[in-house]
Amino acid sequence: MLALFMMINFMDKAILGIVAKPLMAELHIQPAEFGLIASSFFLLFSISAIGFGFIANRASSKAVLLVLAAIWGISQFPLAFVASVPLLFFSRIMLGVGEGPAYPLALHASYKWFPNDRRNLPSAIIYQGVTVGLLISGPVLTYILIRHSWHAAFMFLGVASLVWMVVWFILGAEGRVTSDDDAARVHLAHTAHVSYRTLLTDWTFLVNMALYWTTYWIFAVMFTWIPSYLSTVLHYSTVETGWMFMLFTGINIPIVLGGSWLSQFLLKRGVASVRARGWLSCGFVLLGGVFILLSIYAVQQPLLKVILLAIGFNLPQLCFVLSSTIVAEIIPDSQRSGMMSVNSALATTGGLIAPALMGEFIQTAATPGAGYDTGFVVAAILAIAVSVIGFLVINPEASKRRFAARALPTMVKAT
């Protein structure tokens, strides 16, 4: 159910890029304005993520996820009937309110069922809801667009949210697993309360979040602009673009599942989290930047360019799984939901900037292709630079020791 939750969530995100061409033509929207509309999704995204995250520290995950799904379902329906630029802004902003907390709170709900050393694969399966959402959004929403209209595609997603709510209300349940006792005894962090100043200034937390931020920048460019790039620059037809975008996102499945399995395998074999999670995440982001640069400077053939871009855009997405598990590993259980939401909220501000900046690059460049290339190069440089810093700084074990030393004395004594 949590994977289905994320599937609908990311179909909601992807729809704007898929209907971009007819929507922009109907409403006479220029690329820069379209970029602002896409970025408006993130206007309240982070604020909502933090607010709902701290609510979820105390409230039932089942109830919170129901509220979020209701917000995104309702936000889609107006565009099924009428269209205007102000309504597009309103709809995307409200969608961001509902979807900002979705991923960290879906993971938080699942972590109530799994201990620390078993969280990678459940996290990856939930994240595959993201992948499947992007994977099927191309052909499914394109089919609805061609057979009916882009308005009907928004109606389809609104109804899908309402159906999920009904099933979740019937089947959803709360887990009761807390952090394993051995780790709690050793580090003291999971049974104590640590000041938020200490948590928020920890270098592992900050650089891990920067890695997430960079990954989200790359991801936001992908789901907002890649469909348009495939049709405008590489000249694929509408139907071909839908299927090509499906293949573009489908490569994520073996990458994220394989990387998550490798990380969990290493943890089971006793490899420290700094290597099994931190370095592995940095390595995937670094390679992603390299592949993006290769697609721009090393090849000209369209299909090969798409393959290299697909690898480059999808490799960093392992960070979406491992970044969250790192935060859950180092943060006390009683503060986990709030800090996971802070991590997600601040990191996803990359999505507020990237689509709008990409629109500016495209509109001001000599050709659309040159504008896209500039945006892709910026994403690649960010990926390479931040991942190198991550290799040097991220260390979950050191952070847990630091938090243990600064836990409230009464909690330490009780442990």
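Of the contacts (heavy atoms within 4.5 Å) with a separation of 6 or more, 85% join residues 24 or more positions apart. This is a predicted model, in which local features need pLDDT of at least 70, side-chain atom pairs count only at pLDDT 80 or more, and totals for chains, interfaces and linings use all residues. Residues are numbered from 1 along each chain as its sequence is written, and side-chain values use heavy atoms, with hydrogens and water left out.

The protein has 22 helices and zero strands, taken as DSSP runs (helices H or I, at least four residues; strands E, at least two) numbered from the N terminus. Its radius of gyration, over C-alpha atoms, is 21 Å, close to the 22 Å of the globule rule for 415 residues, so the protein is as compact as a globular protein of that length. The rule is 2.2 Å times the number of residues to the power 0.38.

Buried residues (under 20% relative accessible area, 1.4 Å probe, protein chains only) make up 60% of the 415 residues. The largest nonpolar core holds 125 residues, of which Phe5, Phe219, Phe313 and Phe376 touch the most other members. Such a core is a set of buried Ala, Val, Leu, Ile, Met, Phe, Trp, Tyr and Cys residues joined through side-chain atoms within 4.5 Å. Helix 12 gives the largest share of this core, 17 residues. Beyond its neighbours within four places in sequence, Phe5 contacts Leu65, Leu68, Ala69, Trp72, Ala102, Ala106 and Trp164.

Helix 12 also lines the largest pocket, as the table shows.

| Helix supplying at least two lining residues | Residues |
|---|---|
| Helix 1 | 2–18 |
| Helix 2 | 20–27 |
| Helix 8 | 120–147 |
| Helix 12 | 203–232 |
| Helix 13 | 238–250 |
| Helix 20 | 368–393 |

Note on methods: Buried means under 20% relative accessible area, exposed over 50%, partly exposed in between (1.4 Å probe, protein chains only).
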